[in-house]
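Subject: Structure for you to look at

Hello,

Here is the structure I promised to pass on. Please open it and keep it beside you while you read.

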Amino acid sequence: YPTSYIPTYGVSQTRLRDNINRLDISSLAATYQTLFIEASVLLVSSTQYKFSINDATGSRTNRFTIFINNDDLSLLVNAQGSSQPAITQNDYISVNTTYKIAAVVRDGSYALFANGTKIGEQVGTTPSNLNSLTFGDASNPLNQSWYGNVDQALVFPTALSDDKCIELTTI
């Protein structure tokens, strides 16, 4: 169908293994944000799945990333170049299962929600200048592409409450 054509720029490409590198969301930039994804993965292995809001610099010194590695779900936060304590739920992800996941950055804390449950919250330095959305990792497409289905991705230019995040992620 002409309306569903996605150009591959002359290179054969599997559409299930994509990277979006630095999609400008500066119009949504705010001090505190919420990232929501509804997605599934097609392979659980050492493949690292990433969905991130970051500062669009080469080193991405400010970012928060929904991260899937093997069958673990994590929220990784970097603020002013310093890694903050991760929030991780081990043995959580299954192949071909849809998950609704939200990550929220608040003043001095951040939290991870999945399928109607608050996975955890950490106190830490808040990242700043978050103006770019990335999924996959174009610098390492062989083992960090998003290999799965993304039904929706939303960025809220505010920190949603715990109740709103639970409501948003409930399946």
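Below are notes on the nonpolar cores and the salt bridges.

One caution before the details: this is a predicted model.

**Nonpolar cores**

In soluble globular proteins, nonpolar side chains tend to be buried together. Here the largest nonpolar core has 29 residues. Within that core, F64 and W146 touch the most other members. At least two residues each come from β3 (34-41), β4 (48-54), β5 (63-69), β6 (72-79), β9 (99-106), β10 (109-114), β12 (132-135) and β13 (146-156). Another core, of seven residues, lies apart from the largest one. Its members include A102, V104, F113 and C165.

**Salt bridges**

Side chains of opposite charge can pair when their charged atoms come close. The structure holds four salt bridges. Take R106 with E121: their closest N and O atoms are 3.6 Å apart. E121 sits in strand β11 (residues 117-123) and R106 in strand β9, so this pair ties together parts that are 15 residues apart in sequence. R106 is buried, at 15% relative accessible area. E121 is partly exposed, at 39%.

R106 also forms a salt bridge with D162, at 2.7 Å from N to O. That pair links distant parts of the chain: D162 is in helix α2 (residues 162-169), 56 residues from R106 in strand β9. D162 is partly exposed, with a relative accessible area of 24%.

E121 also meets K118 in a salt bridge, at 2.5 Å from N to O. K118 is partly exposed, at 30% relative accessibility. Through shared partners, salt bridges join R106, K118, E121 and D162 into one network.

Best wishes

How values were computed:
Residues numbered from 1 in each chain as written. Predicted model: local features only at pLDDT ≥ 70, side-chain atom pairs only at ≥ 80, totals over all residues. Heavy atoms only, no water. Core = buried A, V, L, I, M, F, W, Y, C linked by side-chain atoms within 4.5 Å. Buried < 20%, exposed > 50% of the residue type's maximum accessible area, 1.4 Å probe, protein only. Helix = DSSP H or I, 4+ residues; strand = E, 2+ residues; numbered from the N terminus. Salt bridge = Lys/Arg side-chain N within 4 Å of Asp/Glu carboxyl O.
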